[in-house]
Amino acid sequence: MPGFKLSLGFTIFYLTLIVLIPLSALFLKTFTMTWEAFWSAVTSERVMASYRLTFGASLIGATINAVFGGIVAWVLVRYRFPGKRIVDALVDLPFALPTAVAGITLTALYSSNGWIGQFVEGTLGIKVAFTPLGVVLALTFIGLPFVVRTVQPVLEDAERELEEAAASLGASSWTTFRRVIFPTVFPSLLTGFALAFARATGEYGSVIFIAGNMPMVSEITPLFIITKLEQYDYTGATAIAVVMLLVSFVMLLGINLLQAWARGKSGK
């Protein structure tokens, strides 16, 4: 590798080219609007409904993945069972599968006449496809690998001796988990949660098929931005995108501060 100055210069140049210039163009295009036009574009009733669905479903999906993704990572690290490698490979399927294919597959499975949907709707009376619940399902699907792959290496590197010492001192399994294991994996769980949330807020391909895209009901904000672009309302599209960017940044900043606090509490 070259020296520090050359490496730092290339890093700044690359980040500027890939990240800062596109984001700057987003803000510059939005600044061509008056404040009244901007406020009207980002606070209309239909747009606000899309915000609530997008960020709400993203938070629910990321939370579900933080819980069950942590359990999946625990099972893959701590247990041996037939087909473990297949299960481990399946975790990465949402990474490899095109998002449109994932959306079509989920819709086919959970529609009223789908393999799973016909039983869920017929037995439990719960309609999944073409509802906000379908959006949550799609966002949970695409976010799972982020949590599992973030927590898994931390569990692999965790010191088993601490757990054995706690057990030898009479600690119960729950106490050992709460006092020894959970503080170790909590920062990585937060990281996985943040990654899953960030991925979900911008998801488009896997959601539009199963959402139904009904205004005020199941219309996500990325779809609304695409609609604005198709109508040649570029400033309206960039205005909504700026709001999504700012909200996501604030939420991720809060999660990162919580991570730093958790690492400080654990002494790492």
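Five salt bridges were counted in the predicted structure. One of them joins R46 and E219, whose closest N and O atoms lie 2.7 Å apart. This pair links distant parts of the chain, as the two residues are 173 residues apart. R46 belongs to helix α3 (residues 45-78), while E219 sits in the loop between α11 (205-211) and α12 (221-230). The two partners also fall into separate accessibility classes: R46 has a relative accessibility of 33% and counts as partly exposed, whereas E219, with a relative accessible area of 4%, is buried. E219 is classed as buried because its value of 4% is under the 20% cut-off.

A salt bridge was also found between R149 and D92, with 2.9 Å between the closest N and O atoms. R149 is located in helix α8 (residues 132-157) and D92 in the loop between α4 (84-91) and α5 (93-96), so the pair ties together parts that are 57 residues apart in sequence. R149 is partly exposed at a relative accessible area of 25%, and D92 is partly exposed at 30%. Both residues take part in a network of salt bridges that also includes D88.

A further salt bridge connects E203 with R199, and here the closest N and O atoms are 2.2 Å apart. E203 is buried, with a relative accessibility of 3%.

Notes: Residues numbered from 1 in each chain as written. Predicted model: local features only at pLDDT ≥ 70, side-chain atom pairs only at ≥ 80, totals over all residues. Heavy atoms only, no water. Salt bridge = Lys/Arg side-chain N within 4 Å of Asp/Glu carboxyl O. Helix = DSSP H or I, 4+ residues; strand = E, 2+ residues; numbered from the N terminus. Buried < 20%, exposed > 50% of the residue type's maximum accessible area, 1.4 Å probe, protein only.
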